[in-house]
Amino acid sequence: MAFRLRMEGGARPNELTPLVEGKKVSVVRGREADIRFPEDATMSRIQAEVDWDPAQSCWVLRNKSQHGCLVNKDKVDTERKLNPGDVLTLGGTKFVFEADTAAVGAGPGTQIPKREGGSAP
């Protein structure tokens, strides 16, 4: 099953980042990033990584910030296994870790199409 990070609120609501086994995704304020947030002054220059852990057969969040990260409002000092529906707070930006039901053709920065009436699916 494919997974993705969906930005929740903030400057880029509903932006999607597909996760690919074997490819680490870094979330940072600095330039060395897969997902970059120069607009988030509370995010560390190097905040976190989301990576597939083959030993555990799961996706994990690895904290890279001295201030830590949150998963479902619980502080993560080192790393934590991710489950679908988990809410990740990295700096002042929130993401939802979720199953990617439309994995084919998606890339970083993909927007969720809006339904009639203006709401996202």
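How many of the seven residues of strand 11 are buried? Five are, so strand 11 is largely enclosed by the rest of the structure. Buried here means under 20% relative accessible area, exposed means over 50%, and partly exposed lies in between (1.4 Å probe, protein chains only).

The legends below describe a predicted model, in which local features need pLDDT of at least 70, side-chain atom pairs count only at pLDDT 80 or more, and totals for chains, interfaces and linings use all residues. Residues are numbered from 1 along each chain as its sequence is written, and side-chain values use heavy atoms, with hydrogens and water left out.

**View 1. Strand 1 pairs with strand 11.** Strand 1 covers residues 3–8, and strand 11 covers residues 93–99. Strands, like helices, are DSSP runs numbered from the N terminus (strands: E, at least two residues; helices: H or I, at least four). The two strands run antiparallel, joined by six bridges. Two strands count as paired if DSSP finds at least two bridges between them. Met7 has Phe95 as its bridge partner in strand 11. Glu8 faces Lys94. Five of the six residues of strand 1 are buried, so strand 1 is largely enclosed by the rest of the structure. Strands of a sheet pair through backbone hydrogen bonds, either parallel or antiparallel.

View 2. Strand 2 spans residues 15–19 and pairs with strand 1 in the antiparallel sense. Four bridges hold this pairing. Arg4 stands opposite Pro18 of strand 2. Six residues separate the two strands of the hairpin. In the turn, Gly9 has a positive phi of about 70°.

View 3. Strand 10 (residues 87–90) runs antiparallel to strand 11, with four bridges between them. Leu90 stands opposite Thr93.

View 4. Arg4 belongs to strand 1. Arg4 is buried, with a relative accessible area of 13%. The Arg4 side chain makes a polar contact of 2.7 Å with the side chain of Glu98. A second polar contact, of 3.4 Å, links the side chains of Arg4 and Asp100. A polar contact is a pair of N or O atoms within 3.5 Å; within protein, one must be able to donate a hydrogen and the other to accept it, and residues adjacent in sequence count only if both atoms are side-chain atoms. Beyond its neighbours within four places in sequence, Arg4 is in contact with residues including Leu16, Thr17, Pro18 and Leu19. Val96, Phe97 and Ala99 are also among the contacts of Arg4. Contact means heavy atoms within 4.5 Å.

**View 5. A salt-bridge network links Arg4, Arg6, Glu98 and Asp100.** A salt bridge is a side-chain nitrogen of Lys or Arg within 4 Å of a carboxyl oxygen of Asp or Glu. Side chains of opposite charge can pair when their charged atoms come close. Glu98 and Arg4 form a salt bridge, with their closest N and O atoms 2.7 Å apart. Glu98 lies in strand 11 and Arg4 in strand 1, so the pair ties together parts that are 94 residues apart in sequence. Glu98 counts as buried, at 13% relative accessibility. Arg6 also forms a salt bridge with Glu98, the closest N and O atoms being 3.1 Å apart. This pair links distant parts of the chain, with Arg6 in strand 1 and Glu98 in strand 11, 92 residues apart. Arg6 is buried, at a relative accessible area of 17%. The structure holds 13 salt bridges.

**View 6. Glu49 meets Lys64 in a salt bridge.** The N to O distance is 3.8 Å. Glu49 lies in strand 5 (residues 48–53) and Lys64 in the loop between strand 6 (58–63) and strand 7 (69–71), so the pair ties together parts that are 15 residues apart in sequence. Glu49 counts as buried at 15% relative accessibility. Lys64 is partly exposed, with a relative accessible area of 42%.

View 7. Strand 6 and strand 9 pair in the antiparallel sense, over three bridges. Arg62 stands opposite Glu79 in strand 9.
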